[in-house]
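Subject: The structure we talked about

Hi,

Here is the structure for you to look through. Have it open while you read, and follow along with my notes below.

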Amino acid sequence: MKCMIVSDIHGSFSDLKRIIDIYEEEKMDKLILLGDLLYHGPRNPLPEGYNPKEVARLLNQYKDKIIAVRGNCDAEVDQMVLEFPMRSDYLELYLDGHRFFITHGHLYNEDQLPLLKSGDIFMHGHFHKPIAKQKDGIVIFNPSSISLPKEGEKSFGVYENHELKVLSLEKKLIKKINF
């Protein structure tokens, strides 16, 4: 199973289009969305290529491949235009013998972890900074943002064969962790 992990699109159609091109080119199986899909929120500038309507249209084409959680900039009204569920604050995914706790990061984050055990993978977005590390036996992973990174380049994540990587939109390795 090869999964692409994307967070904090914030309505940027141009950046999402680049991500979808990589998704297709790399023959990914699933697209995990960590929230903040359509809107930029009051604290963020408008991202390049801002077009929430087209973001929704493009994501809906992959509705059978998407696993998504709600971000702090996502609203109930967004669910009306999205054809896949995205209103949960967190999801648990079991893959390759690992438990993945998937959330946006505004409720649960590295400083306020949910109940996890050694060997679990905690995956979140929200902070727009890439993270791939282990803390007390728990893997902590954040792919940063494809539209508004606060540190470094626009980036996304990939999970495959017990490895998580943060890659730039040019597919340059930023961080990785094996478990």
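This is a predicted model: local features need pLDDT of at least 70, side-chain atom pairs count only at pLDDT 80 or more; totals for chains, interfaces and linings use all residues.

Which residues point one way from S5, and which the other way? His98, Phe100 and Ile102 are on one side, while Arg99, Phe101 and Thr103 point the other way, and all of them are buried.

If you want a pair to look for, Tyr94 stands opposite Arg99 in S5. The hairpin of S4 and S5 has two residues between the strands, and Asp96 takes a positive phi near 55 degrees there. S5 is also joined to strand S6 (residues 121-123), this time by three bridges, and those two run parallel. Here you can look for Phe100, which stands opposite Ile121 in S6.

Next, the nonpolar interior. In soluble globular proteins, nonpolar side chains tend to be buried together. The largest nonpolar core here has 28 residues, and Leu33 and Phe156 touch the most other members. At least two residues each come from strand S1 (3-6), helix H1 (13-25), strand S2 (30-33), helix H2 (52-60), strand S3 (66-68) and strand S9 (155-160). H1 gives the largest share, with five residues. Apart from this core there is another one, of 19 residues, including Cys3, Ile5, Ile32 and Val166.

Leaving out residues up to four places away in sequence, its contacts include Met4, Ile19, Ile22, Pro143, Ile146 and Leu169.

Most residues other than glycine have a negative phi. Asp36 has a positive phi of about 55 degrees although it is not a glycine. You will find Asp36 in the loop between S2 and H2, and it counts as buried because its relative accessibility is 2%. His126 is another non-glycine with a positive phi, about 75 degrees. His126 lies in the loop between S6 and strand S7 (130-135), and with a relative accessible area of 17% it is buried, since the cut-off is under 20%.

Lys129 sits in that loop between S6 and S7 as well. At 36% relative accessibility, Lys129 counts as partly exposed. Lys129 and Ser144 are 15 residues apart in sequence, yet their C-alpha atoms are 4.4 Å apart in space. Not counting residues up to four places away in sequence, Lys129 touches Asn142, Ser144, Lys150 and Glu151.

Last stop, the surface. Val77, Met80 and Val81 make a nonpolar patch of about 320 Å² there. Val77 belongs to helix H3 (residues 76-79), and it counts as partly exposed because its relative accessibility is 48%.

Happy browsing!

Methods
Residues are numbered from 1 along each chain as its sequence is written. Side-chain values use heavy atoms; hydrogens and water are left out. Patches are made of residues with over 30% relative accessible area and no salt bridge: like charges are joined within 9 Å, nonpolar side chains (Val, Leu, Ile, Met, Phe, Trp, Tyr) within 5 Å. Accessible areas come from the Shrake-Rupley method with a 1.4 Å probe; for residues, only the protein chains shown count as cover. A salt bridge is a side-chain nitrogen of Lys or Arg within 4 Å of a carboxyl oxygen of Asp or Glu. Helices (H or I, at least four residues) and strands (E, at least two) are DSSP runs, numbered from the N terminus. Buried means under 20% relative accessible area, exposed over 50%, partly exposed in between (1.4 Å probe, protein chains only). A nonpolar core is a set of buried Ala, Val, Leu, Ile, Met, Phe, Trp, Tyr and Cys residues joined through side-chain atoms within 4.5 Å. Contact means heavy atoms within 4.5 Å. Two strands pair if DSSP finds at least two bridges between them.
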